[in-house]
2 protein chains.
Amino acid sequence: MPNSALKVRYQQYLDCLNAQAWERLGDFVAQAVVYNGECIGLAGYRAMLERDYQTIPDLRFVSDLLLAEPPWIACRLVFDCSPRGSFLGLETHGERITFSEQVFYRFEQGKIVQVQSLIDEAAVRRAVAQP
Amino acid sequence: MPNSALKVRYQQYLDCLNAQAWERLGDFVAQAVVYNGECIGLAGYRAMLERDYQTIPDLRFVSDLLLAEPPWIACRLVFDCSPRGSFLGLETHGERITFSEQVFYRFEQGKIVQVQSLIDEAAVRRAVAQP
């Protein structure tokens, strides 16, 4: 798959998340997906995303920076949202928070099989600590 | 610059860091380099790296995953080292710590002009908290 096609595929995956179209998640994520070294599988991946949306009803996945070198995608995602309840081990109360995620994805046959994600937890902590 | 040449250039930059060859840092990093949104400049960048080596004498930059799509590089660096003293706001005592950094670099004329870096601070906290 050429660079541009892989980027289109990845954007379709983000669109699927933003639509919370969980019944289509398996079109983009493999059954045996490994997330940060752990084989959580498609069901675990979906459960993680559903939990994220419960905590952050206005969650939106926006790509700020996107590189493709098949079979890999690297993306910087920027979030501007208002979590409610426990998020990254912090108690939040609907504060508006801006933070980023820098993440690598490996694709096989058009589906994500591996994710290495880092979230800017320090930015979240700073935002939650503000009065 | 094609993908492969940019990767070679980036590896030379890592070699420069691992050699602590600070007098050559300006060959790879632009005078007006911006780090995580702040224009720290070459002098500030060098000072940051020198501080890192003071805290972590056995610091070594090893690329675990490297994508190039000029003018951008995305890299997952893995560190296996023993910080001493204050590191990421945590008091360390020579514990051996393994953690990653996921980072994007923009190059102009062969030099790094922009860096977006995230460090896995949670992994460092877990390692330092262990008995």
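**Where the chains meet**

Me: How many residues of chain B are in contact with chain A?
Reply: In this predicted model, 15 residues of chain B are in contact with 15 residues of chain A, where contact means C-beta atoms, placed from the backbone, within 7 Å. Residues are numbered from 1 along each chain as its sequence is written, and chains are lettered from A and ligands numbered from 1 in the order in which they are written. Local features need pLDDT of at least 70 and side-chain atom pairs count only at pLDDT 80 or more, while totals for chains, interfaces and linings use all residues.

Me: Switching topic, what does chain A consist of?
Reply: Chain A has 3 helices and 8 strands, and from the N terminus on they run α-β-β-α-β-β-β-β-β-β-α.

Me: What does its C-alpha trace span?
Reply: Along the principal axes, the C-alpha trace of chain A spans about 50 × 25 × 25 Å.

Me: How much of chain A is buried?
Reply: Buried residues, those with 20 or more other C-beta atoms within 10 Å of their own, make up 22% of the 131 residues in chain A.

Me: What does A:Ile73 touch?
Reply: Leaving aside residues up to four places away in sequence, A:Ile73 touches A:Leu6, A:Tyr10, A:Ala68, A:Tyr105 and A:Phe107.

Notes. Contact = placed C-beta atoms within 7 Å. Helix = DSSP H or I, 4+ residues; strand = E, 2+ residues; numbered from the N terminus. Buried ≥ 20, exposed ≤ 12 C-beta atoms within 10 Å, placed from the backbone.
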